[in-house]
Every structure is written in C-alpha cells, then in structure tokens.
Amino acid sequence: MLSEQVYARLRDAIMRGDHAPGAALKPQDLAREQGVSLAVVREALVRVVGDGLADRLPNRGFAVPAYSDRRWQEIAEARRTIEPVLLRMSVERGDVDWEARVRAAHHRLSRTPPYTPDEGEYYSEAWSEAHRLFHRALMEGCGNPVLLETFDRLWTASELARRWSTHRNPGRDGVEEHRRLEEAALARDADTAVKVLVRHLTLTAEGLTGEA
C-alpha cells in the first residue's frame, strides 16, 4: 500500500537522522516531497508516533522527539521494568526452537562488525539489525505477542536515542555482555540472565544520558 511505503520512508529518514531532534514533521511538506495526499501522510505519521519515533503535539502537529536525558531515562526505566519479565518468561517457557533462534542470533551478532568505514563513528546498519534480532530472539520465548509488541516499541524508541549518542561510553565491552546473556538464557538460569540483562540495560542508559 502507498501508506506503507510512505511510513517506511519516513521511519527510515528519522532513524538516519535526516530530521533533527525536535524538528517539525509538517504533513503538507511531506506530502509534497513524496507526491502523495495529506491523508496518506497523516496515516504514516500516526504510525510513526506509535513506534515512538515522533510526538503528536496538541495544536502543533507532529515532531521528531526532542533529545532529552529525562525522556531516555524514562524509556530506559520502562525497558528495565518490562524486559526482565519477558526474559524470565522466555527462559521458563522457551522450547528447543527458541534456543536455536537465540544461538543463531547471537552467532550473527558476534560475527557482524559494529563499525564500518563508510558509516563513521556510529554503529553500522548491519550490526544494529543483528543487535535487535538477538534481543528480540531472547524475548520471543515468552510466547506473548502483546508483550512483544511493547518490547518492539520500546526498542525502537531506545534505538533512536542510541543512534544519536553512540559516541558515549566507548570502553564498554558489549561482546562480553551479549555472550553472558546468551549463556545464562540457554543454561535456563533465569536469575542470572535477568541480572545480566538489567546490568546491560543500565549501561545502555548510562551511555545515553551519562546517568545510571
């Protein structure tokens, strides 16, 4: 559908940083640029708001979220509240197919270079996708699609902040964090897996905002 194409282009543009933090997303301008109707653009914008990549402002239209430590601390708090619950459920409920998906996703992540010369100081698109798929695989064993939808939304919002701030916390050993997370999950050690995940998410929050 046309609205799906417009939504995908707008979502990608925001994630790439084509629209600065706090920038207005004017439906008229977007419709003219993409050669579509206002109705199509508004439908796409509503979906982007649902992804956490834009805000709907009362009487002011739409805008990219403004960069604010408080906002990302709230997202980090939500992730630290929800994701440990999903991971514990996954460890308890996940079957052999779940184990295989987690192992495969971790293998892909560990073999994907986080940086490439053409993408500068920021994490590469390939690594970012491998990173998402690994964390998503860990959660999928919970078997609850409603909770997974919440995870997806929080991940997207957090990813936008991370892409704006990846130059912080350069000494972090993410490879070791992910290895420990995979090992604990596949060992069915829910307590250790949750402990490792909470620490992982806390370090992410520190990297984004400079606070715990």
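Visitor: What makes β1 and β3 count as a strand pair, and in which sense do they run?

Guide: Keep in mind that this is a predicted model. Two strands need at least two bridges between them to pair. β1 and β3 (residues 61–63) have two bridges, in the antiparallel sense, so by that cut-off they pair. Within that pairing, Ala24 stands opposite Ala63 in β3.

Visitor: Why are β1 and β2 said to stand at the edges?

Guide: Look at the strand order of this open sheet, which is β1-β3-β2, with antiparallel pairing. β1 (24–25) and β2 (55–57) each have a single partner strand, so one side of each lacks a neighbour in the sheet.

Visitor: Which helix packs on the sheet, and what does it touch?

Guide: That's α3, residues 38–50, which touches β1, β2 and β3. The direction of α3 makes about 50° with that of β3.

Visitor: Why is the Phe151 and Trp155 pair called tilted?

Guide: Two cut-offs settle that. Ring centres have to lie within 6.5 Å, and here they are 5.9 Å apart, so the rings count as a pair. Planes under 30 degrees apart would be stacked and those over 60 edge-to-face; these planes are at 35°, so the pair is tilted. A search of the whole structure finds one aromatic pair.

Visitor: What lines the largest cavity?

Guide: Trp155 turns up again here, along with Arg79, His131, His135, Ser158, Glu159, Arg162, His200, Leu201 and Thr204. Two or more residues come from each of α6 (125–140), α7 (145–165) and α9 (190–209). The largest share, four residues, is from α7. About 80 Å³ of space lies in this cavity, and the structure holds two cavities of 30 Å³ or more.

Visitor: How do the residues lining the largest cavity split by class?

Guide: There are two nonpolar, five polar and three charged residues.

Visitor: What about the second largest pocket: how many residues line it, and which lie nearest its centre?

Guide: It has 17 lining residues, with Arg11, Met15, Glu129, Arg132 and Thr156 nearest the centre. The space in this pocket is about 360 Å³. α1 (2–16), α6 and α7 each supply at least two lining residues, and α7 has the largest share, with seven. By class, that lining has two nonpolar, three polar and twelve charged residues.

Key: Residues are numbered from 1 along each chain as its sequence is written. This is a predicted model: local features need pLDDT of at least 70, side-chain atom pairs count only at pLDDT 80 or more; totals for chains, interfaces and linings use all residues. Side-chain values use heavy atoms; hydrogens and water are left out. On a 1 Å grid over the protein atoms alone, a cavity is a set of points where a 1.4 Å probe fits but cannot get out, and a pocket is an open set with protein on both sides within 12 Å along at least five of seven lines; lining residues have an atom within 4 Å of a point. Grid points are joined across faces, edges and corners, and a volume is the space filled by probe spheres set on the points. Ala, Val, Leu, Ile, Met, Phe, Trp, Tyr, Cys and Pro count as nonpolar, Asp, Glu, Lys and Arg as charged, and the others, Gly among them, as polar. Contact means heavy atoms within 4.5 Å. Axes are lines fitted to C-alpha atoms, for helices over the stretch in contact, and angles run from 0 to 180 degrees between N-to-C directions. Rings of Phe, Tyr and Trp (its six-membered ring) pair if their centres lie within 6.5 Å; planes under 30 degrees apart count as stacked, over 60 as edge-to-face and the rest as tilted.
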